[in-house]
Amino acid sequence: MNSENTKHLVETYPHLFKNFGYFECSDGWFKLLCELSEKLEPVFKENLPENFRHRVVGQVKQKFGGLRFYLDWYPESEALNEQIENDIEEAEEKSWVTCEFCGEPGKTRGGGWVLVLCDKHHQENLEKKNKRASKNAKNEN
Ligand SMILES: [Zn+2]
């Protein structure tokens, strides 16, 4: 994720992304992450202990094509945790139909390395792959 979007998330949701590093996914999921953070930030703002020195969100990344959002810290309340888990699950589900490059509607593509892409970025990705393949073929001759 680019530094502008990273900065926006970390500054807009400072409790949720306290001490957070960087997002290991592309910018198409920025809006999706904003929506999720909008829901989670108030929970952590209210429940985080004072002088908390660790991370709340441990990792945000794309894994096997979909979004993964891992927390390192949870509030004590069972009910809150259930709500948090539901919100995260909802965002992770949305990532499966959201182009990771641009945020347009997408679907999973590819066999070995799965990505969720819209038609345009799927096409671009295929062209890149073909170019690489023909280059490799040339090098072998
Ligand atoms: Zn796209």
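Tutor: Let us begin with two definitions. Helices (H or I, at least four residues) and strands (E, at least two) are DSSP runs, numbered from the N terminus. Two strands pair if DSSP finds at least two bridges between them. This is a predicted model, in which local features need pLDDT of at least 70, side-chain atom pairs count only at pLDDT 80 or more, and totals for chains, interfaces and linings use all residues. Residues are numbered from 1 along each chain as its sequence is written.

Student: How do you know that β1 and β2 pair?

Tutor: Strand β1 (residues 57-63) and strand β2 (residues 66-71) are joined by six bridges in the antiparallel sense. The definition asks for at least two bridges, so the term applies. V57 stands opposite L71 in β2. The hairpin of these strands has two residues between them, and F64 takes a positive phi near 50° there.

Student: Why is H8 called partly exposed?

Tutor: A residue is buried if 20 or more other C-beta atoms lie within 10 Å of its own, exposed if 12 or fewer, and partly exposed in between, with C-beta atoms placed from the backbone. H8, found in helix α1 (residues 3-12), has 16 C-beta neighbours inside 10 Å and therefore counts as partly exposed.

Student: What makes N19 and N51 exposed?

Tutor: N19 has 12 other C-beta atoms within 10 Å, so N19 is exposed. N51 has 5 other C-beta atoms within 10 Å and is therefore exposed as well. N19 is in the loop between α1 and α2, while N51 lies in the loop between α2 and β1.

Student: How do you know that the span of α3 is close to the expected one?

Tutor: The expected span of a helix is 1.5 Å times one less than its number of residues. Helix α3 (residues 78-95) has 18 residues and reaches 26 Å from its first C-alpha to its last, close to the 26 Å expected.

Student: Which residues of α3 are buried, and why are they said to lie on the same side?

Tutor: The buried residues are I84, A91 and S95. They cover an arc of only 55° around the axis, so they are on the same side of α3; the arc is that of the directions from the helix axis to the C-beta atoms. The face turned away from this buried side carries exposed residues, including E78, E82 and E89.

Student: What makes a group of residues a nonpolar core?

Tutor: A nonpolar core is a set of buried Ala, Val, Leu, Ile, Met, Phe, Trp, Tyr and Cys residues joined through C-beta atoms within 7 Å. The largest has 21 residues, of which L16, W29, L33, L36 and L40 touch the most other members. Its largest share, seven residues, comes from α2. A second, separate core of six residues includes C99, F101, V116 and C118.
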